[in-house]
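Hi,

Here is the structure I promised to pass on to you. Have a look at it first, and then read on for what turned up at the places where its chains meet.

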Amino acid sequence: MIGSLLIIQTLNGIQFGVMLFLLAAGLTLIFGIMNFINMMHGALYMAGAYVAATLYNKTGQFTLSLVMVVPITVVIGIVLEKLVFRHLYDRDHLDQVLCTYGFILIFNEIARSVWGASPYFMGMPDALSDTYEVLGVGYPVYRLLIVGAGLAIAIAAYILIHETRFGMLIRAGASDRAMVAGLGVNINLLNTMIFGIGAGLAGIAGALAAPILSVEPGMGEGVLILTVVVIVIGGIGSVRGAFFAALIVGVVDTVGRSMLPFVFEGFLSSSLAGAAGPAVASMIIYLLMALVLAFRPNGLFPVRGR
Amino acid sequence: MAAVPPNPRKMSRSRIGVIVSVLFALTLLLLPPAAGYLETPYYVILVTRLLVFAVAGTALNLVLGFGGMVSFGHSLFMGIGAYSVAIPAFYGIANGWVHIAFAIVAAAFAAAVTGAIALRTRGVAFIMITLAFAQMFFFLTVSLKQYGGDDGLPIRLASSFGGATLKQPVLLYYVVFATLCLIIYGSYRLYHSSFGLVLRGCMINEDRMKALGYPTLTYKLVAYMISGAIAGVAGFFLANMTTFASPAYASWTVSGDLMIMVVLGGTGTVMGPAYGAFAFLLIEDLLKRVTDHWLGTVGVIIVLVGLLAKRGLWGLLQGRSR
Amino acid sequence: MSGPVLSTRGLIKRFSGVLASDDVDFDLMPGEVHAIIGPNGAGKTTFIKQITGEHFPTAGRIALGDTDITRMRTDRRILLGLGRSFQVTSVLRELTVLENVILAVQAKRGHSFRFWEPAVNDSALREPALAVLQDVGLGSKADLVARTVSYGELRQLEMAMVIASDPKVLLLDEPMAGMGTVESKLMVDLLKSFRGRFSTILVEHDMDAVFALADRISVLVYGRIIATGTPAEIRENKEVRASYLGETA
């Protein structure tokens with residue numbers, strides 16, 4: 001019994017980790033290469049979820065709805081970058097925090113006004129709501145799809161970063177921003193592309209999450225914090241770091257939250273376990289982050305040259 | 001940004017700031033009796049909240065404005081301050097001295113631990129780590145079901161000092177007001193002191209300070225602890241005011257609001273954060289009455305503040321540029 | 001004191017394949033001005049950074065007096081008596097001239113955990129700071145915000161800050177950089193007035209200044225010291241002329 005629970009939670013953790021990777025990959029580049037604090041990455045995730053849900057509810061075309069999210073969120077990201085955020089690159093981090101924080105409120109307000117404050121439901125095609133047997137347990141097909149999609153994107157990201165000229169600029173920019181500018185590269189275009197890609201990734205993560213999570217105003221904030229923890233653990237500016245840290249965080253958080261109370265009950269009095277279990281479980285990711293930082297202040301895969 | 005302008009020609013304009021502040025302080029001093037006379041006691045509570053956040057904003061300014069540390073951790077310290085009242089009260093301990101000692105020590109300790117980890121990094125990393133720690137505390141308070149969890153913990157016994165308890169709104173008002181005046185004055189002295197000079201130097205060029213021989217991490221950490229302790233005191237007041245302690249007090253959005261108040265009022269100035277707190281909270285209150293979409297409107301205002309507020313309200317009063 | 005105030009033995013610094021410091025033995029004798037010259041990319045800055053502690057050497061030892069400082073943290077080295085001048089941009093521009101120098105003085109006077117009294121009013125800090133400002137010629141500008149003074153005055157302020165921290169060893173990293181003829185002369189005169197007060201390592205490209213100030217010169221090429229001697233000896237040295245001076249002198 002506990003074995004199958006563990007398997008399911010681990011798979012959930014991997015699935016969650018994959019989604020965190022989609023969010024973290026873009027955001028770590030925005031933090032690391034653009035040196036821009038973008039608090040509203042979660043809002044773009046939320047935008048992706050609402051767009052996917054709306055499209056699916058209107059058209060009934062699942063795959064198409066998910067795919068269409070990408071250009072829409074990319075455009076939103078690019079528009080924001082060109083109109084507002086571009087002017088903040090040379091400013092204090094504080095000003096960047098304020099502006100992007102303000103946009104969180106604006107996006108949440110738009111969501112509330114257009115779709116209402118209660119969760120907006122998105123279903124999924126019957127074919128996907130089935131279960132599939134994995135390691136002796138039945139596991140939802142859709143979640144396997146998320147893992148698959150996420151890994152596919154991770155591979156695509158790897159190819160992009162290591163096999164293309166654009167990727168080379170990203171790797172160079174991660175370790176030495178000034179040098180990239182000095183190479184005569186169109187820095188503005190590079191920034192816009194990075195931001196746009198980040199927005200697209202956040203959007204697709206939101207779209208993938210929409211059928212299984214609550215689509216509601218403010219859904220982006222919780223996941224933003226976890227994304228931040230992933231990035232800090234992985235190393236700011238490192239997509240590779242984001243990948244491994246995302247999986248670690250996803251699995252540790254999911255398995256920890258579900259299993260830790262049981263573990264505590266095993267060797268603590270039940271009242272103490274009842275109190276400590278959920279408390280520690282909720283903090284476990286942050287304790288992990290603190291532990292990593294104690295030994296590696298720059299994360300597990302720091303980008304050299306910083 | 002020194003509070004003492006070298007140019008005598010500008011003296012008269014900075015006088016305006018001082019005069020306005022004195023008038024403002026007098027108004028605040030006379031508010032409770034006036035409210036009592038007009039039989040509108042609600043205003044005492046409303047302004048107490050403004051004063052509490054003015055204290056918290058001034059605390060944040062010590063590290064943000066003087067030290068250049070963009071810390072999301074201050075909601076954590078306020079939360080600790082609030083629960084420093086709620087949890088002892090839960091066990092029947094109403095002694096105000098216990099509450100406040102708890103608040104200061106626990107908040108300073110939390111600042112020491114989180115600061116020791118976060119301050120080894122800079123820039124984006126520092127900001128994000130303080131954010132993560134703030135959320136960690138938030139989730140901790142949510143998960144402590146025996147202390148109310150998500151619903152928060154009502155406080156039946158307010159802090160009592162000798163005979164008086166802070167449950168009396170007018171007494172609480174004056175205590176917070178006095179604290180604010182003290183903290184602002186202390187902030188002023190700190191700014192010009194040896195310690196303050198080192199802190200400001202660290203904000204301008206930390207490598208240079210290291211090259212002068214300063215262990216900059218130590219100084220920043222001490223500033224962080226002082227700032228955290230004062231924010232804890234603000235949390236202590238907040239709990240007494242609302243007779244409630246809630247995880248929401250520790251949410252990272254509270255830190256965000258504090259940052260807005262500091263920037264709006266004038267980052268790095270001594271009086272600015274207090275003005276910023278008053279302005280921001282009053283605007284928010286006004287918007288709430290006028291429109292359902294107040295949160296989004298506040299968002300627009302915040303974006304504009306981030307884009308445009310160079311000198312803040314205090315700078316505008318002073319008529320000086322940065 | 002008979003031995004060197006600063007010395008390196010067998011100093012090696014490798015940056016993934018590039019040998020920036022190649023077995024450098026260096027001595028700074030008490031009271032002397034010892035200049036280091038060499039072509040761009042010779043490794044002068046890397047050498048200085050190992051002395052300040054910004055880089056740790058791959059191999060070799062650095063000693064300040066009798067103390068091994070090879071792996072010591074920068075601020076601890078400063079407290080032991082190492083002083084370094086910077087490019088001007090690192091003067092703390094938002095503070096006043098006096099506040100900048102006070103920070104330098106304060107660093108050496110125990111701790112600065114004083115939270116109440118204004119630093120500029122503390123006579124234990126104010127007096128030495130003003131004295132140093134007089135020495136460099138900035139006495140009348142003490143209360144001006146650093147951002148408002150001229151470039152040359154910023155250089156003087158930089159010197160004042162270094163001297164105010166009362167260093168035993170002074171590291172001057174291209175103090176003439178970006179200066180015109182008049183300003184260079186003023187700086188040379190200023191440095192001459194400090195003769196004997198400090199033991200100085202001077203890294204500089206301006207040969208006129210080097211030959212005017214140095215007691216000894218070491219020539220660094222491709223991370224190696226190829227010659228050390230008095231200015232006259234260096235001028236005559238065939239290897240030095242071939243690899244460096246021949247192009248500029």
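Chain C and chain B bury about 2700 Å² between them, with 64% of that on carbon and sulfur atoms; buried area here is the accessible area (1.4 Å probe) that two parts lose on being put together, summed over both. Phe113(C), Phe115(C) and Trp116(C) supply 23% of the area that chain C buries against chain B, more than any other three residues.

This is a predicted model, where local features need pLDDT of at least 70 and side-chain atom pairs count only at pLDDT 80 or more, while totals for chains, interfaces and linings use all residues. Residues are numbered from 1 along each chain as its sequence is written, chains are lettered from A and ligands numbered from 1 in the order in which they are written, and side-chain values use heavy atoms, leaving out hydrogens and water.

Three salt bridges (a side-chain nitrogen of Lys or Arg within 4 Å of a carboxyl oxygen of Asp or Glu) cross the interface of chain C and chain B. One of them joins Arg200(B) to Glu99(C), with the closest N and O atoms 3.8 Å apart.

Now for the other interface. Chain B and chain A bury about 3600 Å² between them, 80% of it on carbon and sulfur atoms. On the chain B side, Val124(B), Met128(B) and Trp252(B) lose the most area to chain A, together 17% of what that side buries. The rule finds zero salt bridges between chain B and chain A.

Enjoy exploring!
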